[in-house]
Amino acid sequence: MGRDLAQSFVQAMKAFEASDAALGFPISRLCFEGPAEDLQLTANTQPAILTVSAAAAAVLREKGVHPDFVAGHSLGPAP
C-alpha cells in the first residue's frame, strides 16, 4: 500500500518518513510489506490511510495540483 508511490516520488517517501517519526513506529514498513492481517487492524488502518493520502497529496502539490476541496472518510467515533 503506497510502496510504488514512495519509490517513484521523493515527496511521497518524505511523507512516509514523517509519519514513521510522528507515530514512533514504521507505518511505512507495515504499508509496504504487511502483513495484511496487521494492516487491517483499525489501529493501523487509520494511520496507514492517512499516511498514503498525505503522500499522494504531497506528490499532487509538487505537480501543481492544488484542490479547492477534498473529501475523506472515517470509521466514526469509537464505541
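Reader: Leaving aside its neighbours within four places in sequence, which residues is F16 in contact with?

Author: In this predicted model, F16 is in contact with M1, G2, A6, S28, C31, F32, T51, V52 and A55, once its neighbours within four places in sequence are left aside.

Reader: Is F16 buried or exposed?

Author: F16 is buried, and its relative accessible area is 0%.

Reader: How many aromatic pairs does the structure hold?

Author: The structure holds one aromatic pair. The rings of F16 and F32 have centres 4.8 Å apart, and their planes lie at 55°, so the pair is tilted.

Reader: Which parts of the chain does the pair link?

Author: The pair links distant parts of the chain, with F16 in helix α2 (residues 10–23) and F32 in helix α3 (residues 27–33). The two residues are 16 residues apart.

Reader: And F32, buried or exposed?

Author: F32 is buried, with a relative accessible area of 15%.

Reader: On to the largest nonpolar core: which residues have the most contacts inside it?

Author: The residues with the most contacts there are F16, I27, C31, F32, A48 and A55, in a core of 13 residues.

Reader: Which helices each supply at least two residues of this core?

Author: Helices α2, α3 and α5 (42–62) each supply at least two of its residues.

Reader: Turning to S28, where is its place?

Author: S28 has its place in helix α3. S28 is buried, at a relative accessible area of 11%.

Reader: What is S28 in contact with, leaving aside its neighbours within four places in sequence?

Author: With those neighbours left aside, S28 is in contact with F16 and D20.

Technical notes
Residues are numbered from 1 along each chain as its sequence is written. This is a predicted model: local features need pLDDT of at least 70, side-chain atom pairs count only at pLDDT 80 or more; totals for chains, interfaces and linings use all residues. Side-chain values use heavy atoms; hydrogens and water are left out. Rings of Phe, Tyr and Trp (its six-membered ring) pair if their centres lie within 6.5 Å; planes under 30 degrees apart count as stacked, over 60 as edge-to-face and the rest as tilted. Helices (H or I, at least four residues) and strands (E, at least two) are DSSP runs, numbered from the N terminus. Buried means under 20% relative accessible area, exposed over 50%, partly exposed in between (1.4 Å probe, protein chains only). A nonpolar core is a set of buried Ala, Val, Leu, Ile, Met, Phe, Trp, Tyr and Cys residues joined through side-chain atoms within 4.5 Å. Contact means heavy atoms within 4.5 Å.
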